[in-house]
Amino acid sequence: MNMNGTDKFIRACSLTELKEKGRILFTADSGGEAAILFVKGKIYAVDNVCPHNHTPKMHLGIVSGSDILCPVHMYKFSLITGKHSENQVNPLRTYKVKIEDDDVFIEKPQTTSFNFDF
Ligand code: FES
């Protein structure tokens, strides 16, 4: 990794694989997890842990437009901002995505939350 900002990102998967599968659960060496989703030509990356009950199931979420519903209690979050649709719980963490050739990178978290960090 170089010092021009690339080191803020971590490789999550190949673009080919993501397009084929539609979604990938990425697990970092630290054990932290992110759901990477390919939705109508766009790529989103969100924390796999739902902010409602800290359940690591967002990779199984139901995508509706640019929102994702947690499969546990169906709380709806924006894939873009992470905000809950009714602001009842903390936002779902979202991560910037960068594509280089066939590699999908996501931005490392700048802060840590409970047991999650890359
Ligand atoms: S744990 Fe996700 S909505 Fe309750």
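Colleague: Is D101 buried or exposed?
Modeller: This is a predicted model. In it, D101 is exposed, because its relative accessibility is 78% and the cut-off for exposed is over 50%.

Colleague: Where is D101 found?
Modeller: D101 sits in the loop that runs between β9 (97-100) and β10.

Colleague: What about H54, which loop does that lie in?
Modeller: H54 belongs to the loop between β4 and β5 (62-64). H54 is not a glycine either, and its phi is positive, near 55 degrees.

Colleague: How does H54 count for accessibility?
Modeller: As partly exposed, because its relative accessibility is 49% and exposed would need over 50%.

Colleague: Changing topic: cysteines. How many disulfides does a search of the whole structure find?
Modeller: The search gives 0 disulfides.

Colleague: Is C70 buried or exposed, then?
Modeller: C70 is buried, at a relative accessible area of 1%. C13 is buried as well, with 3% relative accessibility. Both values fall under the 20% cut-off, which is why both residues count as buried.

Colleague: Which strand do the bridges join β1 to?
Modeller: To β10, residues 103-107, through 5 bridges, with the two strands running antiparallel. In that pairing, I10 has I106 in β10 as its bridge partner.

Colleague: There's an open sheet too. What is the order of its strands?
Modeller: The order is β2-β3-β4-β8, which makes 4 strands with antiparallel pairing.

Colleague: Which are the edge strands?
Modeller: β2 (23-27) and β8 (94-95), each of which pairs on one side only.

Colleague: And how many bridges between β3 and β4?
Modeller: There are 6 bridges between β3 (residues 33-39) and β4 (residues 42-47), in the antiparallel sense.

Colleague: Which residue in β4 stands opposite I36?
Modeller: That is A45.

Terms used: Residues are numbered from 1 along each chain as its sequence is written. This is a predicted model: local features need pLDDT of at least 70, side-chain atom pairs count only at pLDDT 80 or more; totals for chains, interfaces and linings use all residues. Side-chain values use heavy atoms; hydrogens and water are left out. A disulfide is a pair of cysteine sulfur atoms within 2.5 Å. Buried means under 20% relative accessible area, exposed over 50%, partly exposed in between (1.4 Å probe, protein chains only). Two strands pair if DSSP finds at least two bridges between them.
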